[in-house]
Structures are given as structure tokens and as C-alpha cells.
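The following exercises are to be worked with the sequence and the three-dimensional structure at hand. Each task is followed by a solution in steps.

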Number of protein chains: 2
Amino acid sequence: MAEPRPSLYTSLSPALLHLYDLNNTVVVIIDVLRATSTIATALYNGAKCVIPVDSVSKCIELGKQIDGITAGERDGKIAEGLKYGNSPFEYPKEFINGKTLVLTTTNGTRLLHMALERGASQIVTGSFCNLNVVCNYLLSKNKNVILGCAAWKDKVNIEDLLFAGAVVHAIKNNFSINCDSSQIAETLFNNARKDLFGFMQEKNASHYNRLMGFGLEKDIRYCLTINNADVLPFYEDGKLIIHK
Amino acid sequence: MAEPRPSLYTSLSPALLHLYDLNNTVVVIIDVLRATSTIATALYNGAKCVIPVDSVSKCIELGKQIDGITAGERDGKIAEGLKYGNSPFEYPKEFINGKTLVLTTTNGTRLLHMALERGASQIVTGSFCNLNVVCNYLLSKNKNVILGCAAWKDKVNIEDLLFAGAVVHAIKNNFSINCDSSQIAETLFNNARKDLFGFMQEKNASHYNRLMGFGLEKDIRYCLTINNADVLPFYEDGKLIIHK
């Protein structure tokens, strides 16, 4: 008899994460605009590691202790007291190579800490920037998977669901999917895949509007591009490092 | 200057309802399979009123007091101690005309009580059975709207989202929609509208499977048919009655 396939679920919001069993499960943290895109980019460009922290004060304190780059946002803007923000363009190779990024964001880093507290076996971060490597990792592990959308202050958003849908679309044949949210995600992705940016614009996506209002069209376009920073951020001992 | 249009939001799960301001708002309770389909059908077939209660014990007690029909389900089956279930076919005119239905269900009646506690101005129930009359009511009120999906034990489901999407599709030009969940709902509905039953089947929808397992294909087909019980259940003084 064939081995039963592992399960795949999608959690649309941190406020729904408690509905899923995280034991013996790989959790993919998804915060497309922009935390998990920025994390992949910083590591791809040579950052030694990214340390996700859940408050601005911890970020400042730890940054001093280890001489790291303090970075993060609240409400889409650089948080007061931090030197850098949450844009992937702030972390080119010439700047970030060999350095440690200490990062705090409104949604993504918070969800990562929730997954940790709830006992996830492995935590990785996903974004369109590293879609391929995330899918390959999930296929190779052959373990249960939760795709965890960071959302916006617990409200479900389009872009994280689109990425979850892209993953479902790529790996569904190897998993048992009894999860309406995963089906919804894949349907959305199939509607959007030809032009992700155009879809966000057409659907008047709320965080698209927020970032466009800050003049960040370039960030949005980058974060919706596939595989431009194809490394796998893997959480280990309090840090995100590239998984080998 | 034109009057600003009222807002429309969709809450995908009872666990997300607290994110929305319910003051001065019409809340549509959506539990397509099967509570809100059954409520519309029972009223359409002449029930005096439907009294939604949140526990089986309250249902039994109240049923005795007022000589009402005690009905409801837990986990998709008739709840122990109750005489009738949550199928619209249990409430034809010859049976329900002039009677009071006391109903408790896993998700729908629970969400209704949450909306009440959180101060919704008006509460109505929606399902494909009464799509038109729900849309016409929302258009006539010109007030803020929350489409509240009952989901399944807080997990987002396809069928409630499909109905929310049908409403968004019908009335969106009269509302200001800055809500990704509403956009996701409409996209899903547009993918499914030609064959709602076929879509549920193709997507392996979890409650579709659960009810098919109980031999309830007929119920599912009925609940996905548009306007076959086109009355508006309106909550007033503890009861759902037909809104005139």
C-alpha cells in the first residue's frame, strides 16, 4: 500500500493559527509585502543572518549588543528609533553582505513567534522571491505543512493568499489537501498568475493601496516577482539563516 | 458633492468578527450548508418564526415552554435530544406552516449571537435560497454592511465565501469596498457561478464531503440553488421573522 501523503493546510490569518496542529509540521511564514520578501533578499545578498524580534525596543537593544543593523516597520513605515525599514531595496549586497539584520515588522515577525510558541517543528519563510526553493523544500521533507499567512493586523489579505495559492498549485499532487482555505488560495492564484501586479491593482488590494500611497510601487513589483532571491530562510536558534 | 457610499466588509470566520466595527451596521449571517438555507426555507413555508438558540439544552427547554419544534445539529447530524435536524427538506409547508422553529446549529446560530453581543444594528440571514431579497434589502438600507461567514468551527469554508461573493458581485457598485476578503469572495464566486455544485465537488470542499458522507447530496444541491425561498429572515426581539 502507498504511504499516506502528508497534509497541507493554509491559515489565512494569525487569528486562525490556533485552529491547526503545528506539531510535527513545517510552517511557512508568508508576509509577501514585505517582510518575507525582504528576509529572502537580505540573505540572498549575503546577510549573515536575520534575527526576527517582536518589538522595536528589543530590536534596538539587540542591535546594540551584537552590532547589527536595526530595521523594521510599523504600519508600513520605518519604525521610530530604527535605522532601516522593511524594503528589500535597502539591503543590496554592498551594504548587507556579512552583516546581521535585526528585524521587527507589524505582521510577519509576530506570526513567526506565534508558530514557534505553538510548537512548529520547522519554520521557514516564503515569498514570491523564493517560491521555487520553498516548494522544493516542502516536497523533499515529506512532512505535514501549514502555510501561515501573516495578513494585516489579522485581516486576511490578497497577496499572502496568492503566494499560498502558488505553493498549493506547485506541490498539491504530493499532499493530501482537505482544506477549503488552500483551495480558495489556489483559485485566487490561478486568476492572478498571468499578472500578479495587475491583479492587486484591479482588486484594489488594501496593502497595495497603502504602499502605493507611500510611493512604493517599485517594492510591490519586486515582491511580486518570482524567484529573484531564491534562498530558503530557515529558523534555527533564534535566527533565520540560509538552509543548505 | 455625492454622498459617500457605505462600506462593505466580509468576515471570513467568527474568529475574525472582532476585527470589524458592527455599530450602525447591517450584519448578514451566512451559513449556506445549511442553517441559513433552512431558516429561509422554514419561513418561506410559513413558519411563524425561527428562534435561534446557542445550546441544545436551551433548545429543548424553550421548545417545551412555547410548544415549538426543537431542531438542530452538531457536527452535521441531528443533535441528541432534539426532534428535527438542519435539513431544509424537513420543513415543508404542510409541516411547518404556523409553527415556531427553535433551532441550534454548530456555526450559524453561534455567529448570530456573537453579532448581537457586538452591537450589530440589524441582523439578517443570507443564503443562495434568498440571495435576491438580501441584496435588495442591503441596497435599500444604504448602511454599512458586514457579510459574516459562519465557517466550520472557525475554519474558513468555500460555500459561505461563495455566497458572500455573490452578494459583493450584485451590490458592489453601491458600496465602498476596501476589503481584501470581499475581493477574494467575489473572485471565487466568479470562478464558480456557472456550476456551484460542480465547483464544490471539484474543490473537494470539506463540508461538501462531510454532508455527502451522510447521503445529503439533495440538501447540498438545494442549498446551492438561487432564490428558491426568497424571503428575508430578520432578527427582532429574539426571533427571526420575515422582514416586510
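## Exercise 1. Relation of the two chains

A rotation of 180° with 0.0 Å of shift along its axis superposes chain B on chain A, with an RMSD of 0.0 Å; the superposition is by least squares on the C-alpha atoms of residues with pLDDT of at least 70 in both copies. This is a predicted model, in which local features need pLDDT of at least 70 and side-chain atom pairs count only at pLDDT 80 or more, while totals for chains, interfaces and linings use all residues. Residues are numbered from 1 along each chain as its sequence is written, and chains are lettered from A and ligands numbered from 1 in the order in which they are written.

*Task.* State how the two copies are related, and describe the side of chain B that touches chain A.

*Solution.* 

Step 1. Two copies of a chain are related by a rotation about an axis and a shift along it. Given the rotation of 180° and the shift of 0.0 Å, the two copies are thus related as by a two-fold rotation axis. The same surface serves both copies, since 100% of the contact residues of chain B recur in chain A.

Step 2. Contact between chains involves 23 residues of chain B and 23 residues of chain A, where two residues are in contact if their C-beta atoms, placed from the backbone, lie within 7 Å. On chain B, the elements giving two or more residues to this side are α6 (158-171) and α7 (180-192); helices (H or I, at least four residues) and strands (E, at least two) are DSSP runs, numbered from the N terminus. The largest share, seven residues, comes from α7(B).

Step 3. By class, the side of chain B that touches chain A has 10 nonpolar, nine polar and four charged residues. Here Ala, Val, Leu, Ile, Met, Phe, Trp, Tyr, Cys and Pro count as nonpolar, Asp, Glu, Lys and Arg as charged, and the others, Gly among them, as polar.

## Exercise 2. Buried positions

*Task.* Which residues touch the most other members of the largest nonpolar core, and what surrounds B:L161 and B:A166?

*Solution.* 

Step 1. The largest nonpolar core has 177 residues, of which A:L161 and B:L161 touch the most other members. Such a core is a set of buried Ala, Val, Leu, Ile, Met, Phe, Trp, Tyr and Cys residues joined through C-beta atoms within 7 Å.

Step 2. Beyond four places in sequence, B:L161 contacts A:I184 of the other chain, together with B:L12, B:C149, B:V156, B:A185 and B:L188.

Step 3. B:A166 lies in α6 of chain B and counts as buried, because 25 C-beta neighbours lie inside 10 Å. The cut-offs are 20 or more other C-beta atoms within 10 Å for buried, 12 or fewer for exposed, and partly exposed in between, with C-beta atoms placed from the backbone. With neighbours within four places in sequence left aside, B:A166 is in contact with B:L131 and B:F189.

Step 4. In α5 (residues 131-141) of chain A, A:L131, A:V133, A:V134, A:Y137 and A:L138 are buried. These residues pack against β2 (25-30), β7 (122-126), β8 (144-149) and α6 of chain A.

## Exercise 3. Backbone features

*Task.* Where does B:N142 lie, and is B:N142 buried or partly exposed?

*Solution.* 

Step 1. B:N142 lies in the loop between α5 (131-141) and β8 (144-149) of chain B, and has a positive phi of about 55° although it is not a glycine.

Step 2. With 13 C-beta neighbours inside 10 Å, B:N142 counts as partly exposed. A:A151, with phi near 60°, counts as buried with 29 such neighbours.

Step 3. A cis peptide bond joins B:L33 and B:R34, with omega about 10°; B:R34 lies in the loop between β2 (25-30) and α1 (35-44) of chain B.
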